[in-house]
Amino acid sequence: MPEDPLEFFRLRALANAHPMRIKAELVNESLSILCASFGTEWLCACVNDVKKASIFPDRKHPLGRFLHVAGEPQIAEVIELGRYLLAFSSSPAFGTIVSTLAAPSQYQSTLLQLATAYRLRRALNVDVHLEPPAQNGRLGDISFEYASNRYNAECYLPRIEGEVTPECELLLKDCLKILKEADVPISAAIQLWSMPNAALRKVMVGLIREQVKEIKECPPHADTFKQVLISGKHAIISLSQSFEIPLGSAPPVVRHPAFPRQGNDYVAACTVGHASEHGLRGIQRANIHGVARGIVALWLPPEEETEASLSKDLTKDIEQLSKKIEKKVAQTRGDEGVRGLVIAETWIATQMSRATEGQLKGLRRRVLDNHARIDALLLMSRHWNHESRRHKYHIFPVTPVDRREATAGMLDEVVRLEATTSIP
């Protein structure tokens with residue numbers, strides 16, 4: 001890697017600029033905005049600040065990870081963040097926003113605040129204020145005026161208890177070490193039927209090590225991959241010889257046909273990459289020299305999975321979300337005559353189109369009917385859009401049955417623009 005991590009990111013971003021439909025000037029401008037906002041030394045320190053005992057070596061701050069990895073999703077988020085910072089650079093709260101972004105634990109919630117404010121300003125063509133004064137000396141997240149109405153918006157990330165336990169992290173880390181030592185690309189897929197303890201993890205790692213050794217010693221035929229399926233009471237494991245792909249791309253999880261999960265809805269995945277410093281510096285059109293040579297993907301037991309499948313009833317999940325949001329609403333009382341919006345980032349936003357009328361009624365009752373000052377709830381879920389090569393939000397507005405036309409029309413425009421445009 002080049003000694004200067006920002007130069008490394010710049011080279012990777014420029015190499016990917018054409019396929020991502022990003023101008024080179026925008027890459028350079030975005031880096032300049034980040035340097036002016038956070039400071040060059042701080043950004044470089046983020047890249048070198050690695051979590052202790054992390055799966056493979058992850059950075060403590062998301063920006064450190066983005067600058068270090070510099071694949072398409074990371075490049076897009078850095079440039080997107082640059083658009084937000086530029087848009088609100090004249091805000092009196094700009095220094096506060098930068099400080100909260102710099103805190104690893106507050107980065108995601110502050111990104112949601114900026115993303116929402118930017119979208120409201122773009123859709124409604126109004127002045128949007130960050131960190132406005134609220135009751136009892138506290139600060140809100142967003143305020144604006146629209147159609148002669150004053151609005152305060154509160155952004156919220158309902159916290160979900162730890163999905164990947166320390167033993168799961170150690171399982172991923174041990175598997176990565178095995179794949180790293182292999183001299184052929186290998187794809188490992190693990191479906192857990194029960195959460196592992198230390199003893200079970202060691203047994204699984206031993207089986208994987210043994211089977212990887214056999215795969216290495218038995219080269220596949222020209223038109224086939226060597227594959228192994230290990231099935232037991234606590235897990236089912238697929239190991240398959242895979243293939244190399246360029247760095248910055250997501251390696252496919254090649255797996256045995258009998259493995260129960262054939263989609264990419266895994267809860268965690270880590271890759272092994274190989275590249276020389278010369279390769280990382282090189283730019284040939286859109287390609288960087290170097291390859292990703294292995295992947296480990298993990299699925300939790302069905303009862304532990306957070307994101308519901310299409311066949312799972314949403315009643316329990318929506319009820320839990322309603323309780324968390326209602327508690328947040330009760331903590332954020334607004335001024336008299338100011339209408340309230342609650343923005344919550346949650347995976348449930350992607351599933352709300354199949355919610356029943358009864359489930360929606362319960363959500364409305366807790367968040368809207370019980371709190372007359374709240375005009376609407378906006379559920380948002382951030383995802384990577386492969387077609388546009390940008391991060392986008394799936395947005396699901398929840399409004400009272402007697403929809404307040406000004407608020408409903410405002411939110412409809414936000415949804416429309418999100419579906420038809422990208423940032424940048």
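Which helices each supply at least two residues of the lining of the second largest pocket? They are α6 (94-102) and α7 (107-124). Helices here are DSSP runs of H or I, at least four residues, numbered from the N terminus.

A quick word on the source. This is a predicted model, where local features need pLDDT of at least 70, side-chain atom pairs count only at pLDDT 80 or more, and totals for chains, interfaces and linings use all residues. Residues are numbered from 1 along each chain as its sequence is written, and side-chain values use heavy atoms, without hydrogens or water.

Now the pocket. Its volume is about 160 Å³. A pocket is an open set of points on a 1 Å grid over the protein atoms alone, where a 1.4 Å probe fits, with protein on both sides within 12 Å along at least five of seven lines. Volume is the space filled by probe spheres set on the points. Lining residues have an atom within 4 Å of a point. Among them are Thr96, Thr100, Ser109, Thr110 and Cys155. The largest share, 3 residues, comes from α7.

Next, the helix pair. The axes of α6 and α7 come within 7 Å and cross at roughly 140 degrees. Axes are lines fitted to C-alpha atoms over the stretch in contact, and angles run from 0 to 180 degrees between N-to-C directions.

Who meets whom? Ile97, Thr100 and Leu101 in α6 meet Tyr107, Thr110, Leu111, Gln113 and Leu114 in α7. Contact means heavy atoms within 4.5 Å.
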